[in-house]
Amino acid sequence: MSQRVTATEAARNFSEFLNRVRYGGETFVILRGGEAVGQLAPVEPSRAPTLRDLVRFLEQTEWPDDQFGSDLEAIQAEQLPPGESPWPT
């Protein structure tokens, strides 16, 4: 259940409200002129991608066509040779 607080109260005690959100999992609805205008709530924890996520991504990815390798070789052939390094070795 979320608690309703005025914008003034939220501004004056912002650090306290952030701590209550982070450590207590509380949610606050911010009111201005008696009307709800925002919400301060915990975000869902982020997680690292799984192997299943990778498989789904690859299933949805369009693979390069047969010309892709030739295109890369053509691009590489058009590159200027590297100059001398400006940094001492």
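Reply: Helix α2 holds both Glu16 and Arg20, which sit 4 residues apart, or about one turn of the helix (helices, H or I, have at least four residues and strands, E, at least two, as DSSP runs numbered from the N terminus). The model is predicted, so local features need pLDDT of at least 70 and side-chain atom pairs pLDDT 80 or more, while totals for chains, interfaces and linings use all residues. Residues are numbered from 1 along each chain as its sequence is written, and side-chain values use heavy atoms, leaving out hydrogens and water.

Glu16 and Arg20 form a salt bridge, with 3.5 Å between their closest N and O atoms (a side-chain nitrogen of Lys or Arg within 4 Å of a carboxyl oxygen of Asp or Glu). Glu16 counts as partly exposed because its relative accessible area is 40% (buried is under 20%, exposed over 50%, partly exposed in between, with a 1.4 Å probe and protein chains only). Arg20, at 26%, is partly exposed as well.

Arg20 also meets Glu26 in a salt bridge, at 2.9 Å from N to O. Glu26 is partly exposed, at 22%. Through shared partners, the salt bridges join Glu16, Arg20 and Glu26 into one network.

Thr27 lies in the loop between α2 (14-24) and β2 (28-32). With a relative accessible area of 18%, Thr27 is buried. Leaving aside residues up to four places away in sequence, Thr27 touches Met1, Ser2, Gln3, Gln39, Leu40, Ala41 and Pro42 (contact means heavy atoms within 4.5 Å).

The structure holds 4 salt bridges. One of them pairs Arg47 with Asp53, at 2.8 Å from N to O. Arg47 is exposed, at 59%.
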